[in-house]
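These are my notebook entries on a single structure. I set down what I looked up, topic by topic.

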Amino acid sequence: MQAVEVKSFLEKKLPDTQVEVEGEGCNFQLNVISDELAALSPVKRQQRVYAHLNPWITDGSIHAVTMKFFSSAAWAERT
């Protein structure tokens, strides 16, 4: 699995969300930029993303995922 596949898939499933993905194979690090998700509790944020990734996790295509969440403003301050 490639990072670009994960990015494209999540951005289609999560409207108004930008996803920066690092990694390849079965281990990925996600930077998720979304004002909507940033407003949720950490558990709710992860649940929203894992809901879409679970089929790939279940079949072994993805083994490990780490996530960081940012509002648009917080992301803009970083770059």
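**Entry 1: D16 and its loop**

I began with D16, which lies in the loop between helix 1 (3-13) and strand 1. I take helices (H or I, at least four residues) and strands (E, at least two) as DSSP runs, numbered from the N terminus. The model is predicted, and local features need pLDDT of at least 70, side-chain atom pairs count only at pLDDT 80 or more, while totals for chains, interfaces and linings use all residues. Residues are numbered from 1 along each chain as its sequence is written, and side-chain values use heavy atoms, with hydrogens and water left out.

I looked up the backbone of D16 and found a positive phi of about 60°, although D16 is not a glycine. Most residues other than glycine have a negative phi. I then asked: is D16 buried or exposed? D16 counts as exposed because its relative accessibility is 76%. My classes are buried under 20% relative accessible area, exposed over 50%, and partly exposed in between (1.4 Å probe, protein chains only).

**Entry 2: The chain as a whole**

I recorded 4 helices and 3 strands in the protein chain. From the N terminus on, the order of these elements is α-β-β-α-α-β-α. The radius of gyration of the protein chain is 12 Å, close to the 12 Å that the globule rule gives for 79 residues, so the chain is as compact as a globular protein of that length. The radius is taken over C-alpha atoms, and the rule is 2.2 Å times the number of residues to the power 0.38.

Along the principal axes, the C-alpha atoms fill a box of roughly 35 × 25 × 20 Å. Of the 79 residues in the protein chain, 30% are buried. I also looked up the contacts with a separation of 6 or more: residues 24 or more positions apart account for 52% of them. Contact means heavy atoms within 4.5 Å.

The protein chain exposes about 4900 Å², and carbon and sulfur atoms supply 51% of this area. Accessible areas come from the Shrake-Rupley method with a 1.4 Å probe; for residues, only the protein chains shown count as cover.

For the charges, I noted 8 positive and 10 negative ones, whose mean positions are 6 Å apart. Lys and Arg count as positive and Asp and Glu as negative, with His and the chain ends not counted. Each charge is placed at NZ of Lys, CZ of Arg, CG of Asp or CD of Glu.

**Entry 3: Strand pairing**

Which way do strand 1 (residues 18-24) and strand 2 pair? I found the antiparallel sense, over 7 bridges. Two strands pair if DSSP finds at least two bridges between them. V21 stands opposite L30 in strand 2, and the bridge partner of E20 in strand 2 is N31. Strand 1 and strand 2 form a hairpin with 2 residues between them. In that turn, G25 has a positive phi of about 75°.

I next followed strand 2 to strand 3 (residues 64-70): the two run parallel and are joined by 7 bridges. F28 has V65 as its bridge partner in strand 3. Strand 2 (residues 27-33) is mostly covered, with 5 of its 7 residues buried.

M67 is found in strand 3. Its relative accessible area is 14%, and M67 is therefore buried. Beyond residues up to four places away in sequence, M67 touches L30, Q46, V49 and Y50.

K68 is also found in strand 3. Leaving aside neighbours within four places in sequence, K68 is in contact with L30, N31 and V32. I looked up one distance here: the C-alpha atoms of K68 and I57, 11 residues apart along the chain, are separated by 18 Å.

L37 lies in helix 2 (residues 35-38). L37 counts as buried because its relative accessibility is 3%. Not counting residues up to four places away in sequence, L37 touches L14, T17, V32, R45, R48 and F69. L37 and D16 are 21 residues apart in sequence and 9.8 Å apart in space, C-alpha to C-alpha.

S72 is found in helix 4 (residues 72-78). At 38% relative accessibility, S72 counts as partly exposed. With residues up to four places away in sequence not counted, S72 touches I33 and D35. Between S72 and Q18, 54 residues apart in sequence, I noted 9.0 Å from C-alpha to C-alpha.
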